[in-house]
Amino acid sequence: MLAAVGAVYVILAVMLWLWMSDRPLLAHRLSGDSGQERTAEEAASGQPAERGHGAQGGRQNMAYKVEINEVMQALEEAGMFFEPDLQGMEAVREVSYLPAESMSIQETEDFYRNRNNMHMTVLPLLVEDRVSGYVRFDYIPGTEKERMLYLTEGILFFSWIILTAVLWYVRQRILKPFHVLSGMPYELAKGNLQWELKEHKSRFFGKFIWGVGMLQDALRTSRQQALKLEKEKKLLLLSISHDIKIPLSAIKLYAKALQEGIYGSEEEKIRGARQIAKNAREIEEFVRKIIGAASEDVVLCGMEQTGTEGAAACTEFYLKDLVEKVRECYAPKCRLLMTQFRIDAYENKLLRGNLDLAFEVVENLMENAFKYGDGKEIRVTFGEEDYCQLIEVYNSGEAVAEEEMPHLFDSFYRGTNAGEKEGNGLGLYIGRQLMRKMEGDIFAVREQEGMRICLVFREDL
């Protein structure tokens, strides 16, 4: 549309230029040569002959008449014709003379013929009340300044038209679609995921609307998954609660028997205690199943939300993309916390897995480094081993005790170095589950003055 508006602007500007600077030529072409000649009898009448819109002098600038009167006055005072000085004149461009005694038909036709596509007027030269000849003036009506003023006014007018068209375009193509989109975040915040957004082909909002639609679909899928997960959890809790009632009732029964001295012999008491222990182990197994199911749900829910639970192991990503994402996210945070953050040199490679899941694992390691480290140093290093890429995250601070290392990746397990710090013990557990989904692995190395967690990714050969 802007190209069409520009083309219209150019055409109008050219038309304006032609109208301002070449009006006599247009008039001449419209009127032809007919009427351009004036007979000697017409000249003798004493009336000026004007050609090419000269007759419309009432609507034109009168500057050329003043200059013609000055020249005629000088000629009449001299009593003869002479070539006047035209250097100081703005309208008159040429002055020619036809003596009365040599007014042949051919000379008269040549005298009155339009030779230079300018306006002209012919006046008789009177000497002692007798016509001695005829003076022809070729002139341009209006001054250069006035024509420039007209041109400027025309350009401003058409510029106003162009500006109006551009503003209308902005209103129709940008402001109105944006007004329609302004209600979308509010509806999403209220949880209204059924709000339909029409597709738009605008190059300004097409991709944005498509992205909002994708976000809406993702939120809708996430809500459905959350509702499904909540339903499964409730069913699981109801089922396990029902199953726990049996061993719990047995424990209460045996405990009451022991308390009231129902068992007479020591052998019966031992048998009752064994039954209590057996049912307690059953309850402990149920609790373990609850914790394991809840942990697995957390991992699966996170992977299903990214849409990569089944595809994580069959996709790939570049190591550089992961490193740059980590650098962009954590370099500013380390500067604010005054923690030395360093990423060693590496060779960019194509790795098996999913970029978002890989970043989630590294994110857990970085957050653990902030939480359990001493805040002095965090370093990311790289290595290679058996066609695998190693990514190691090291943080300075107190290391995990040697006897706690085998349990470091268990769900809900927290080492003694956690102290009073907040946490639930799921970060490393979820990290291991995600790495296994990507056909990789994760392990921890205890350093003298810190901890090093190593991620193992398979190279995509």
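View 1. The volume of the largest cavity is about 60 Å³, taken as the space filled by probe spheres set on grid points joined across faces, edges and corners. Its lining (residues with an atom within 4 Å of a point) consists of Leu 322, Val 323, Val 326, Ile 343, Val 362, Val 380, Phe 382 and Ile 391. Helix H10 (319-337) and strand E8 (377-385) are the elements that give two or more residues to this lining; H10 provides the largest share, three residues. Helices (H or I, at least four residues) and strands (E, at least two) are DSSP runs, numbered from the N terminus.

This is a predicted model, in which local features need pLDDT of at least 70 and side-chain atom pairs count only at pLDDT 80 or more, whereas totals for chains, interfaces and linings use all residues. Residues are numbered from 1 along each chain as its sequence is written, and side-chain values use heavy atoms, with hydrogens and water left out.

View 2. The side chains of Asp 217 and Arg 220 meet at 2.9 Å, N to O, in a salt bridge (a side-chain nitrogen of Lys or Arg within 4 Å of a carboxyl oxygen of Asp or Glu). Both residues lie in H8 (residues 206-260), three residues apart, about one turn of the helix. Asp 217 is partly exposed, with a relative accessible area of 37%; buried means under 20%, exposed over 50%, and partly exposed in between (1.4 Å probe, protein chains only).

View 3. Lys 269 and Glu 266 form a salt bridge of 3.9 Å, N to O. The two residues are three apart in H9 (residues 266-305), about one turn of the helix. Lys 269 counts as partly exposed at 33% relative accessibility, while Glu 266 counts as exposed at 56%.

View 4. The side chains of Arg 352 and Glu 439 meet in a salt bridge (3.5 Å, N to O). Arg 352 belongs to strand E7 (residues 350-352) and Glu 439 to the loop between helix H12 (427-437) and strand E10 (441-447), so the pair ties together parts that are 87 residues apart in sequence. Glu 439 is partly exposed, with a relative accessible area of 34%.

Terms used: 1 Å grid on protein atoms, 1.4 Å probe; cavity = no way out; pocket = protein on both sides within 12 Å on 5 of 7 lines; lining within 4 Å.
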